[in-house]
Amino acid sequence: MTGFHDQWPQYEVFIKSRNGLEHKHFSSLHATDGQHALLLARDVYTRRQEGNSLWVVAASDVSQNGAEPAAGRSDTPRQFEVFLRLKPGLDHKHIGSVDACDAAAALRSAETAFGQYPAGSLWVLPSASVLTSEAEWSGPFFDAMADKTYRLPTFYQLPAAVNNM
Amino acid sequence: MYTQALDLPGVQATDSAVTEAPCVGFDEKLAADIKIEPSDPMPDAYRKTLIRQISQHAHSEIVGMLPEGNWITRAPTLKRKAILLAKVQDEGGHGLYLYAAAETLGVSRDTMVAALLDGSAKYSSIFNYPTLSWADIGVIGWLVDGAAITNQVPLCRCSYGPYARAMVRVCKEESFHQRQGYDLLVAMMKGSAAQRAMVQEAVDRWWWPVLMMFGPHDQDSVHGATSMKWGIKRFSNDDLRQKFVDATVPQAEVLGVTLPDPDLKWNAERGHYDFGAIDWNEFWQVVKGNGPCNRERMAARIKAHEDGAWVREAARVHAEKKTARQAH
């Protein structure tokens, strides 16, 4: 049997909901590159207009406090996006950005800038490695989901005795 | 949809591994109902149990696309076709949410897919039954997805964060699945005598396999106790099965179909419906690969995977070429 071990690289997916203020980590997927990851993220994670803005980033670019940081160092500081999970059970939420020469320094700067949360978890990732849906698409990218009301449970009016199904 | 395969034999029982060295903070978090996250220390057996359960759950979603996909081209109206397409797409999506959750435990997607295709990983036995008529599509939504919801709602409170979060998303979408199925059956029951007979015949075929979805009786369940202790499982197989039967009987009455069990009756003393004995011989036969469609389902998955190999390869090479061009 062929083709078992040919998975594409992994990308982390962040979504801003329609009424949300910030991008939240949703989950991950496999794609050939960032463009592909954006298209797949829309179809996998926003089939019911769960969001109106997507960010994707290669999983290998994400560094977490307490773990081995991603490689890569620049001579001049570059921008890192910072995500915080306040406590276990929640998603990582975007809280801002810091400038640093590498991921380890970015994590330290993030703790200084946004505070330390003993039960929390911090992620940093280079801003330049983030691909966003805004860059190329705005409304039309998500609009196709709007007229598929049959995807919602409220589309079906069942007999009164069982309508709480 | 959902797998009952969590309790199947043929995989290493986890109870023995509970004696391994304790993980810092793990028991305290479980006791305090604090979620375990990917970077937290966790017992090896907990990790393995989750990988098995989540990946088999994912496989069930993927294989579960096959019986319903069988009817997409033959849906009776454009409306029903659009609904069925959306539902089958959801099942694929659920599989992907779950594979992603399993990957946070350190297992690769390739490894999981390989285990499905070489037969070493299981998927829910319910998908080894055929979809013989259009009424099956309604009955799958009503009963199979109804059973799945009963099983899955407690998993939203599972102790492992990524699994719990994936299940919240899955459960939000399952309600549509069950309701479209019942709605389809209501429409058929308003039709001709032949259409009503078709619904009854489908209910007769699916009822017992659906009750088997909840897995073996509690006293025969291999992993039940450990999974309960770890907060992966919140209710026993028999409790969930009873809950499903109690919820479904009134729905059958409203629909106007008879559930094929002469022993099914209300027990005022227990406050539950009593029901007849399940044919566990049939269940184990299907689990062991001898169900009506086991070979067909596996053959379809393997063919899809092999036929898609050149697409995965071409897309990867294209992306590499694009990156190389940008580098120049």
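This is a predicted model: local features need pLDDT of at least 70, side-chain atom pairs count only at pLDDT 80 or more; totals for chains, interfaces and linings use all residues.
Reader: How many salt bridges are counted between chain B and chain A?

Author: The count between chain B and chain A is 8 salt bridges.

Reader: What makes the meeting of Arg151(A) and Asp90(B) a salt bridge?

Author: The side chains of Arg151(A) and Asp90(B) meet at 3.2 Å, N to O. The cut-off is 4 Å between a side-chain nitrogen of Lys or Arg and a carboxyl oxygen of Asp or Glu.

Reader: How many residue pairs are in polar contact between chain B and chain A?

Author: Between these chains, 25 residue pairs are in polar contact, with both residues at pLDDT 80 or more. On the side of chain B that touches chain A, the elements giving two or more residues are helices H4 (78-103), H5 (109-117), H7 (161-189), H10 (237-255), H12 (294-307) and H13 (309-327) of chain B. H4(B) gives the most, with 12 residues.

Reader: What is the make-up by class of the side of chain B that touches chain A?

Author: That side has 18 nonpolar, 10 polar and 16 charged residues. Asp and Arg count as charged, so Asp110(B), Arg169(B) and Arg179(B), which lose the most area to chain A in chain B, belong to the charged class. Together these three account for 18% of what that side buries.

Reader: What area is buried between chain B and chain A, and how many residues does the contact take from each?

Author: The buried area is about 3,900 Å², and carbon and sulfur atoms give 57% of it. The contact takes 44 residues from chain B and 43 residues from chain A. The size of an interface is often given as the accessible area lost when the parts come together.

Reader: How do you know which elements of chain A and chain B contribute to the lining of the largest pocket?

Author: A lining residue has an atom within 4 Å of a pocket point. The elements that give two or more residues to this lining are strand E2 (24-30) and helix H1 (34-45) of chain A, together with helix H3 (65-69), H4, H5 and H12 of chain B. The largest pocket has a volume of about 930 Å³. Of its 31 lining residues, the closest to the centre are Ile62(B), Leu96(B), Arg109(B), Arg301(B) and Arg312(B). By class, the lining has 15 nonpolar, 9 polar and 7 charged residues.

Notes: Residues are numbered from 1 along each chain as its sequence is written. Chains are lettered from A and ligands numbered from 1 in the order in which they are written. Side-chain values use heavy atoms; hydrogens and water are left out. Contact means heavy atoms within 4.5 Å. Buried area is the accessible area (1.4 Å probe) that two parts lose on being put together, summed over both. A polar contact is a pair of N or O atoms within 3.5 Å; within protein, one must be able to donate a hydrogen and the other to accept it, and residues adjacent in sequence count only if both atoms are side-chain atoms. Helices (H or I, at least four residues) and strands (E, at least two) are DSSP runs, numbered from the N terminus. On a 1 Å grid over the protein atoms alone, a cavity is a set of points where a 1.4 Å probe fits but cannot get out, and a pocket is an open set with protein on both sides within 12 Å along at least five of seven lines; lining residues have an atom within 4 Å of a point. Grid points are joined across faces, edges and corners, and a volume is the space filled by probe spheres set on the points.
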